[in-house]
Amino acid sequence: KQKKSFYSLVQKGKAKVITSLYNWYRPFPSTPPTFGSSEIWMMGRKYQSHVGSFLKDFECIPWFSYRKDFVGIDPYYITTDVGWGCMLRTGQMILAYTLLVLRLGRNWTITDDDKRSPSSSYRQILSYFSDSPSHQYSIHNILQKNLEMKGPTKKVGEWLSPSTIAHLLKTLVQIHVPDEIKMHVPRDGTVYIDQL
């Protein structure tokens with residue numbers, strides 16, 4: 001028991017140092033970006049001289065970043081993903097945006113009511129990604145599924161590749177089945193129509 005509590009203490013200290021360094025080095029822009037006359041492409045849509053509509057669409061895309069002080073991830077009691085969770089958060093953002101588009105449509109834009117109302121589809125979908133073992137696509141469930149699939153070769157706190165994250169999320173989607181969707185992850189980066 002003494003070894004376990006010492007290990008937990010070391011992990012907590014390591015997480016705090018990493019979080020402090022991340023917050024110290026993270027750049028904060030002093031002025032908002034400006035856009036020239038060139039076109040902007042985002043999510044298959046072109047915005048030319050329509051910065052307002054670009055920003056309105058951009059606001060609808062969920063942004064999940066490093067987090068700290070969430071419920072510890074067993075068996076290591078890690079409470080932050082700073083320094084190793086970037087690909088995991090990227091996968092969560094892509095899946096969250098996909099669920100929003102499928103449920104609300106590509107032309108949906110966020111409203112104040114969407115942000116405030118706990119019963120809104122927007123809030124419901126974002127809740128799937130809360131950092132708690134009871135939420136479908138939480139960091140806890142993704143890493144638990146990774147341990148089940150890969151065994152002890154990958155430890156909590158290690159970076160996971162894009163293909164690993166895609167396969168883990170696919171497995172969780174098969175369990176959760178939101179809006180009866182199916183997720184396909186190609187093996188070689190190529191989608192074959194007859195496999196869909």
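**Figure 1. Strand E3 and the residue Asp-69.** Asp-69 belongs to strand E3, which spans residues 68-73. Helices (H or I, at least four residues) and strands (E, at least two) are DSSP runs, numbered from the N terminus. Although Asp-69 is not a glycine, its phi is positive, at about 65°. Most residues other than glycine have a negative phi. Asp-69 counts as exposed because its relative accessibility is 64%; buried means under 20% relative accessible area, exposed over 50%, and partly exposed in between (1.4 Å probe, protein chains only). The structure is a predicted model, in which local features need pLDDT of at least 70, side-chain atom pairs count only at pLDDT 80 or more, and totals for chains, interfaces and linings use all residues. Residues are numbered from 1 along each chain as its sequence is written, and side-chain values use heavy atoms, with hydrogens and water left out.

**Figure 2. The loop residue Met-43.** The loop between strand E1 (40-42) and strand E2 (45-47) contains Met-43. Met-43 is a residue other than glycine with a positive phi, near 50°. With a relative accessibility of 47%, Met-43 counts as partly exposed.

**Figure 3. The chain as a whole.** Seven helices and four strands are found in the protein chain. Their order from the N terminus is α-β-β-α-β-β-α-α-α-α-α. Of the 196 residues in the protein chain, 34% are buried. Among contacts (heavy atoms within 4.5 Å) with a separation of 6 or more, 54% join residues 24 or more positions apart.

**Figure 4. Packing of helix H3 against helix H7.** Helix H3 covers residues 86-104 and helix H7 residues 162-176; their axes lie 9 Å apart, at an angle of about 45°. Axes are lines fitted to C-alpha atoms, for helices over the stretch in contact, and angles run from 0 to 180 degrees between N-to-C directions. H3 is therefore oblique to H7: angles under 35 degrees count as roughly parallel, over 145 as roughly antiparallel, 65 to 115 as roughly perpendicular and the rest as oblique. The crossing of H3 past H7 is right-handed, a term used if the near helix is turned clockwise from the far one by less than a right angle, whereas anticlockwise is left-handed. On the H3 side, Met-87, Leu-88, Gly-91, Gln-92 and Leu-95 take part, and they meet Pro-162, Ile-165, Leu-169 and Val-173 of H7. The residues of this contact comprise seven nonpolar, two polar and no charged. Ala, Val, Leu, Ile, Met, Phe, Trp, Tyr, Cys and Pro count as nonpolar, Asp, Glu, Lys and Arg as charged, and the others, Gly among them, as polar.

**Figure 5. Packing of helix H3 against helix H6.** Helix H6 is formed by residues 139-150, and its axis comes within 11 Å of that of H3, crossing at roughly 115°. H3 and H6 are therefore roughly perpendicular to each other, and their crossing is right-handed. Leu-88, Arg-89 and Gln-92 of H3 make the contact with Ile-139, Ile-142 and Leu-143 of H6. Four nonpolar residues, one polar and one charged make up the contact of H3 with H6.

**Figure 6. Thr-164 in helix H7.** Helix H7 includes Thr-164, which counts as buried at 13% relative accessibility. Apart from neighbours within four places in sequence, Thr-164 is in contact with Asn-146 and Lys-150.

**Figure 7. The cysteines Cys-60 and Cys-86.** Cys-60 is buried, with a relative accessible area of 3%, while Cys-86 counts as partly exposed at 34% relative accessibility. The structure holds zero disulfides, a disulfide being a pair of cysteine sulfur atoms within 2.5 Å.
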